[in-house]
Number of protein chains: 2
Amino acid sequence: MVSPWKGTRNRHLEYIHIEMDLGKLENVRVPASLTRRAEILVDDSTEPLPFSESLKWNEEGLIPAIVQDAENGDVLMMAWMDEPALRDTLASGQTHFFSRSRRSHWHKGATSGHVQHVESIWLDCDGDVILIKARQVGGACHEGYRSCFFRRVGDGGHLEFAAEPVFDAGAVYGRAQRPDADSVPAADGLESSAG
Amino acid sequence: MVSPWKGTRNRHLEYIHIEMDLGKLENVRVPASLTRRAEILVDDSTEPLPFSESLKWNEEGLIPAIVQDAENGDVLMMAWMDEPALRDTLASGQTHFFSRSRRSHWHKGATSGHVQHVESIWLDCDGDVILIKARQVGGACHEGYRSCFFRRVGDGGHLEFAAEPVFDAGAVYGRAQRPDADSVPAADGLESSAG
């Protein structure tokens with residue numbers, strides 16, 4: 001997706017090392033983990049989004065964002081965005097979210113490489129849900145599945161697994177993953193779904 | 001979808017008139033509007049859902065539910081469920097939701113007839129988002145569209161309409177609908193999406 005603001009906004013991706021003096025920069029958001037090379041977004045813009053009047057953020061300033069596989073239509077995940085995450089998504093063409101549990105931003109795929117290339121962004125009738133159609137690299141789910149929705153309510157109301165993993169979550173995220181694990185991998189922290 | 005509890009739970013749909021003395025019934029939830037014949041669900045069951053341990057309700061006791069068109073994969077809407085709404089959905093095979101703004105339950109299609117026949121129910125990895133694949137009668141959107149996601153972020157970041165209505169919302173809901181309206185039709189109140 002081509003950013004609608006290309007050339008009109010002073011915004012760019014930067015890579016820094018943790019030795020960098022972050023205090024000297026303004027308008028800089030840094031991921032929660034500073035234990036490795038960190039990607040940051042520098043945003044000097046304060047102009048409102050062109051469709052900001054149609055957006056309804058919740059009381060926390062967040063909006064749910066559904067990500068759908070642009071190739072086969074599968075629903076991959078749902079996560080939350082605040083306005084900076086939506087701006088980052090629009091500007092970079094890859095999905096960025098806000099984790100409610102960690103109170104921090106995350107760039108989907110920052111750790112795993114499993115980024116989501118945005119093809120189109122949709123808004124629902126009430127303006128309080130976003131739908132993103134994206135090309136998924138690898139898998140969307142931090143447990144190794146293509147989609148986070150790999151469990152189906154089956155006979156007797158019990159959950160059954162209805163998909164096979166597409167990558168080794170333990171290898172990608174650096175520790176063993178249980179398919180039924182509810183917790184976010186602490187070593188990563190950037191790859192959970194609804195956070 | 002066949003209810004997993006059929007035969008094991010004392011649960012049934014009832015139609016009542018507003019003259020009925022509701023105070024005499026226990027475990028009865030009544031829609032916000034009592035100005036017309038009301039459909040109620042009587043639920044005597046307190047047994048936990050078979051997958052209740054995998055579900056994570058938010059601090060309000062709600063969970064977001066994405067509804068996807070089982071026929072073509074389109075994402076139709078997102079709304080919220082509390083446990084009774086999820087139970088109603090499982091028991092009836094049609095989607096039921098909880099409206100946060102109106103603090104009441106709604107049965108999708110109760111007014112319009114545009115019900116959603118549940119084909120399968122999925123849970124995400126963290127257990128805090130539900131995905132429902134359903135056969136949609138008519139349109140999911142109270143503004144007359146098949147999907148609530150009929151607006152796309154287009155060139156310059158402005159919203160553009162990317163679908164045609166499939167029914168006359170004004171005729172179905174009893175008053176004029178503007179395609180760009182954010183508000184829930186007050187005359188119905190049961191058909192908004194994320195509520």
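The exercises below apply to a predicted model.

**Exercise 1.** Describe the contact between chain B and chain A by its residues, its buried area and its polar contacts.

*Solution.* 
Step 1. Chain B contributes 47 residues and chain A contributes 47 residues.
Step 2. The size of an interface is often given as the accessible area lost when the parts come together. Here the buried area is about 4000 Å², with 62% given by carbon and sulfur atoms.
Step 3. Twelve residue pairs are in polar contact between the two chains, both residues being at pLDDT 80 or more.
Step 4. On the side of chain B that touches chain A, at least two residues come from each of β4 (63–69), β5 (75–81), β8 (116–123), β9 (130–136) and β10 (151–153) of chain B. The largest share, four residues, is that of β8(B).
Step 5. By class, this side of chain B divides into 25 nonpolar, twelve polar and ten charged residues.

**Exercise 2.** Trace the open sheet of six strands and identify its edge strands.

*Solution.* 
Step 1. The strand order is β11(A)-β10(A)-β8(B)-β9(B)-β4(B)-β5(B), and the pairing is mixed.
Step 2. The edges are β11 (159–161) of chain A and β5 of chain B, each of which pairs on one side only.
Step 3. From one strand to the next, the twist averages 30°.
Step 4. Strand β10 (residues 151–153) of chain A pairs with β8(B) in the antiparallel sense over two bridges. A:R152 stands opposite B:W122 in β8(B).
Step 5. Helix α1 (residues 83–92) of chain B packs on the sheet and touches β10 of chain A as well as β5, β8 and β9 of chain B. The direction of this helix makes about 130° with that of β5(B).

**Exercise 3.** State how strand β8 of chain A is joined to β10(B).

*Solution.* 
Step 1. Strand β8 (residues 116–123) of chain A and β10(B) run antiparallel and are joined by two bridges.
Step 2. A:L123 stands opposite B:R151 in β10(B).

Conventions
Residues numbered from 1 in each chain as written. Chains lettered and ligands numbered in written order. Predicted model: local features only at pLDDT ≥ 70, side-chain atom pairs only at ≥ 80, totals over all residues. Heavy atoms only, no water. Contact = heavy atoms within 4.5 Å. Buried area = accessible area lost by both parts, 1.4 Å probe. Polar contact = N/O pair within 3.5 Å; in protein donor to acceptor, adjacent residues only side chain to side chain. Nonpolar A, V, L, I, M, F, W, Y, C, P; charged D, E, K, R; others polar. Pairing = 2+ DSSP bridges. Axes fitted to C-alpha atoms, helices over the stretch in contact; angles between N-to-C directions.
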